Amino acid sequence: MTAETETHVRLATLRLLYRVVADLNATRDLHDTLQAVADGVVAGLGFGAAAVNLVRDDGDLEVAAVAGSEELAAAMAGQVGPRTDWDRLLESAEHWGPLRFLSHRQGPADPGRVPSWVPDIPVSDHPDAWHPHDALLAPLTTPEGELVGVLSVDLPVDGRLPGPWRCEVLGMFAAQAAIAVDNARLRFEMLRAVARLQDEQHALRASEESFRHAFEYAPSGMVMTGVRGPERGRLLRANDALCRMLGYPAPVLRRLGLAAVVHEEDRELLAGHLGGSAPVEGCTELRLARSDGTYRWVSLRTSHVGDGDGGARFLLTHVEDVEDRRLREQALVHQASHDPLTGLPNGRELRARLDATFTRVPRLAGVAPELPHVGAAAGDGRGLALLFCDLDGFKRINDDYGHHVGDAVLVEVARRLTAAVREGDTVARLGGDEFVVLADGIGRDEAHDLAVRLRRALSVPIRAEGESVPLDGASFGIAWADSAEKPEDLLRIADERMYRQKRGRERAQRRAG
């Protein structure tokens, strides 16, 4: 070949290379870029087959693009080779500048698990002939030295080993191809990240919409409270159910906040429930004010809604109306501790109150508790007194008028006794026609005056079931806590003194008759 012909060939090759590189740089999609690299080798660089092995995220290389041979595409497209086998193969090959050549004269190279293809071409004896087991590789390396892939070429169109000029052109093309592949890969990663971000934003919007719908239309009260900066402790949002429960419009309730509508006795409970930095455990029951001034018992259960970085965006509080349950519980407690007929505390409740009060009373050592002269407590002369009351002749009322009238009489007796005692005194019914008054902080004379006042209250006939029912009176026995060793002694002493009075009244009535 003359010098003029050689120059013409080189110029033609450069023109082809220019067009191939221009097409390569115009391609933006990663898949299209890889295919443009393979097609450019076949179209402009004088090779009949080319394959691009792309470095994957896990480091292994995958045959991502093939050009020029259907047999090559069928044998290698999509095949994966381990990075370690590729590194070993590139290291063992002859270094032709930036290229790597595997010659059949060194014996068939062991590709390991690297995808390989042997073309079905005749073997020539010419020393520069291309052999089926020859392989020419162009590592695709970025200017920063990162390997992004390996370009494998085969089947030179002239059947000869490529000369220095063709190798130089292939190396130049491989350098441009590496940049184009790296850029396309970065664009691909960017687009994938953008798509992932869009999916996450879509999912977040859907989640927030779902949360908003669940919050707004929840059948029970829901509250969002701020936890950061100026919003800390502020009521950010309240749903319709809570507004209906408390009777406030949403803007008014947000302006007031829960701290303004909680019962003054429950403020510390609310502050402890919503003021902590750690997730709130369990429920807190307290009273919230309605717009009409009444209070309702509610149960608060609060959780922190996170921001994804370990912090909390806001507190989400579920507010459940437990007023009816509290009323039922209180009714059950009242039924267990009060007489069902008169509504007075029953014997069990009386003993509980007596036990609680009795422990505060000083004992008088060395004095028999049953002696009648032991009365007022030491010190200021005031102490704890128990008045035992038994209606006289009540059996006659049941016999003459019937038990329904007798029950009505007991209810009226309970009312009169309650009206006659001091504020804070306890009136209880032990059963039948036996009543007890527990009076704390009372003097001896005042206790006797109280017994007289109670007896007078029961001396007026009772109107029951259309009948005027006379009472025969009532007998009273008074005992003082400082003269008793145990609460049971107080009841026993008062009971004995009441019966002593009752027998005395019966003897007096017999003598008078």
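Leu386 stands opposite Ala479 in strand S18. This is a predicted model, and I will start with the sheet around that pair.

S13 and S18 pair in the antiparallel sense, over seven bridges. They belong to an open sheet of four strands, in the order S14-S15-S13-S18, with antiparallel pairing. Strand S14, residues 426–431, and S18 stand at the edges with a single partner strand each, so one side of each has no neighbour in the sheet. From one strand to the next, the twist averages 25°. In general, strands of a sheet pair through backbone hydrogen bonds.

Next, the helices. H13 lies across S13, S14 and S15, and runs at about 5° to S15.

Helix H14 covers residues 444–457, which is 14 residues. From its first C-alpha to its last it reaches 20 Å, close to the 20 Å expected at 1.5 Å a residue. Which residues of H14 are buried? They are Ala447, Leu450, Ala451 and Leu454. Seen down the axis of H14, these buried residues fall within an arc of 100°, so they line one face of the helix. What covers the buried residues of H14 includes strands S13, S15 and S18, and helix H13. On the other side of H14, Asp445 and Arg456 are exposed.

Last, a residue elsewhere in the chain. His131 is in the loop between strand S5 and strand S6. His131 is buried, at a relative accessible area of 15%. Beyond its neighbours within four places in sequence, His131 is in contact with His104, Ile121 and Val123. A polar atom of the His131 side chain lies 3.1 Å from the backbone nitrogen of His133.

Methods:
Residues are numbered from 1 along each chain as its sequence is written. This is a predicted model: local features need pLDDT of at least 70, side-chain atom pairs count only at pLDDT 80 or more; totals for chains, interfaces and linings use all residues. Side-chain values use heavy atoms; hydrogens and water are left out. Helices (H or I, at least four residues) and strands (E, at least two) are DSSP runs, numbered from the N terminus. Buried means under 20% relative accessible area, exposed over 50%, partly exposed in between (1.4 Å probe, protein chains only). A polar contact is a pair of N or O atoms within 3.5 Å; within protein, one must be able to donate a hydrogen and the other to accept it, and residues adjacent in sequence count only if both atoms are side-chain atoms. Contact means heavy atoms within 4.5 Å. The expected span of a helix is 1.5 Å times one less than its number of residues. The arc is that of the directions from the helix axis to the C-beta atoms. Two strands pair if DSSP finds at least two bridges between them. Axes are lines fitted to C-alpha atoms, for helices over the stretch in contact, and angles run from 0 to 180 degrees between N-to-C directions.
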